[in-house]
Amino acid sequence: MTVATPRPAGAGVEPAGVDNRLVVGGAPLTWRTLPAAELPDPAAVLARSARHALAAARQHAVHGTELLLSSASRVDATMRAELHDAGFTVTVLDDDGAHPSAPARPRAAEPGRLWLLTSGSTGRPKRVGHTLDTLTTVRADQPDRTWLCPYAPGTYAWWQVVTLSLTQPGQHLVVVDPDELDDWPVVAAAHGVDAASGTPTFWRRTLYRDAAALARVPLRQITLGGEPVDQAILDQLREVFPAARISWIYASSEVGASIVVHDGLAGFPVEWLDRETPGRPILSVHDDELVVTSPYHGVGLSGPVRTGDRVQVVDGRVLITGRLDSDEINVGGSKVSAGVVRGVLTQHPGVAWARVTGRRAPVLGRMVVADVVLAPTGDSADAAPARVDGSAEHTDAPLPDEAALVRWCADRLPEHAVPRRIRVLTEIPVKETLKSDV
């Protein structure tokens, strides 16, 4: 396989993956046959579908158009006004073509610049500058793959899969729009998907809805990222796909792809901390916060970057438990990690998903509460968990009630960390970014 070498954006040359196969909306295409997008420069493109987003990505790869790309639903009126103020021509891209809205004060474009909107987990989304080169972090020779891309257009995770297909021959792409997510295993199996990237919520939701259909997808590469990854989801995926490589990636718009783990264990080895290797990020912990010094950081960032993610070292592994501003719950002066409690709940065989938060309480100030979605049982053949061979496995084990889950936590957590209220939801919630609000 020929591996692409970095080149200046806007060189007018098709990318190395131009003949890779694309499947969008069920229709087979290639990057070369994808209808071209005529865009202003600089452009903030609000794509109405996955196909329109891919067309904008190819336009940038070939011509170096300064580009901020997003799905239309992620950009509200206030954000549109901010983009106009920053000199972008806000352009809706749909089946009828490009619909530009020029700023009051146009500016010269910056050739080769790509802008990402952060997920907004700490407030309103921010713009982070990159290039196609800084977003292309997979450069080594790769086996031929057909990748599933379920992410919202323009997010960091979306660009990671898209740049792989743009820059390396043999990296094909099956893209699903949000209205196809519930049935993606059927689409993936039909088009030979053997590699898929998604958040833990994405994988949990798929296992919960139809694990038997998931088991029929011939996956050889499974990638998780975007949220804390616990041992329970890794073990569940290993049970269904014993021969697949399961990878956890820590990445963000600010510091790029910084951690990649393939050993099937949650977190990363503590020996990786403060290790200096040419071309690789340096990982550190300061005051329970992950700090990354990365060669793939966004424009304007340099040196150590505080990620806002809380970590704990347990049994020689560095675990990311959640955001600093939301993970720590103060219960009567004792600190509780919401991520640790969530991990204990998801270890219960009857729990498919959990969210843990703090709630105001008299005397203690805060108390720990949780929402859970219970694992499917034999009452539903469609939702039954899958055996390794893909057949449905029914279980007659009774679903746990609130009292049983409280006892489960009490046996594994200090008293102040045990949830005082546990609410059962009927569906795993998911946002457009494929994340739960955890």
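## Ground rules

Residues are numbered from 1 along each chain as its sequence is written, and because the model is predicted, local features need pLDDT of at least 70 and side-chain atom pairs count only at pLDDT 80 or more, while totals for chains, interfaces and linings use all residues. Side-chain values rest on heavy atoms, with hydrogens and water left out.

Helices (H or I, at least four residues) and strands (E, at least two) are DSSP runs numbered from the N terminus. Two strands pair if DSSP finds at least two bridges between them.

## The six-stranded sheet

Let's start with the open sheet of six strands, which runs β6-β5-β3-β4-β7-β8 with mixed pairing. At its edges stand β6 (97-101) and β8 (127-130); each has a single partner strand, so one side of each has no neighbour in the sheet. From one strand to the next, the twist averages 25°; axes here are lines fitted to C-alpha atoms, for helices over the stretch in contact, and angles run from 0 to 180 degrees between N-to-C directions.

Inside this sheet, β4 (residues 67-71) and β7 (residues 114-117) pair in the parallel sense over two bridges, with L68 partnered by W115 in β7. Helix α1 (residues 50-63) lies across β3 (43-47), β4, β5 (89-94) and β7, at about 170° to β4.

## The five-stranded sheet

The other sheet is also open, with five strands in the order β15-β19-β18-β17-β16 and antiparallel pairing. Here β15 (268-269) and β16 (282-286) take the edges, each with a single partner strand, so one side of each is left without a neighbour in the sheet. β15 pairs with β19 (residues 317-323) in the antiparallel sense over two bridges, and the bridge partner of P269 in β19 is R317.

## Two helices up close

Where α2 (residues 77-85) starts, a side-chain oxygen of D76 comes to within 3.3 Å of the backbone nitrogen of T78. Just after α2, G87 takes a positive phi of about 90°.

In α10 (residues 402-410), L405, W408 and C409 are buried (under 20% relative accessible area, with exposed over 50% and partly exposed in between, using a 1.4 Å probe and protein chains only). The buried residues fall within an arc of 95° seen down the axis of α10, so they line one face of the helix; the arc is that of the directions from the helix axis to the C-beta atoms. Their cover includes α9 (338-346), β22 (351-361), β23 (365-374) and β24 (421-425).

## Cores

A nonpolar core is a set of buried Ala, Val, Leu, Ile, Met, Phe, Trp, Tyr and Cys residues joined through side-chain atoms within 4.5 Å. The largest has 82 residues, of which L54, W158, W159, L173 and W203 touch the most other members. Beyond its neighbours within four places in sequence, W159 is in contact (heavy atoms within 4.5 Å) with residues including A57, L67, L69, L114 and L116. A second, separate core of 21 residues includes V351, L405, L413 and V418.

V331 sits in strand β20 (residues 328-331) and counts as buried at 6% relative accessibility. Its C-alpha atom is 6.5 Å from that of G365, 34 residues apart along the chain.

D230, in the loop between β12 (221-225) and α7 (231-240), is buried at 15% relative accessibility. A polar atom of the D230 side chain lies 3.1 Å from the backbone nitrogen of I233.

How values were computed. Polar contact = N/O pair within 3.5 Å; in protein donor to acceptor, adjacent residues only side chain to side chain.
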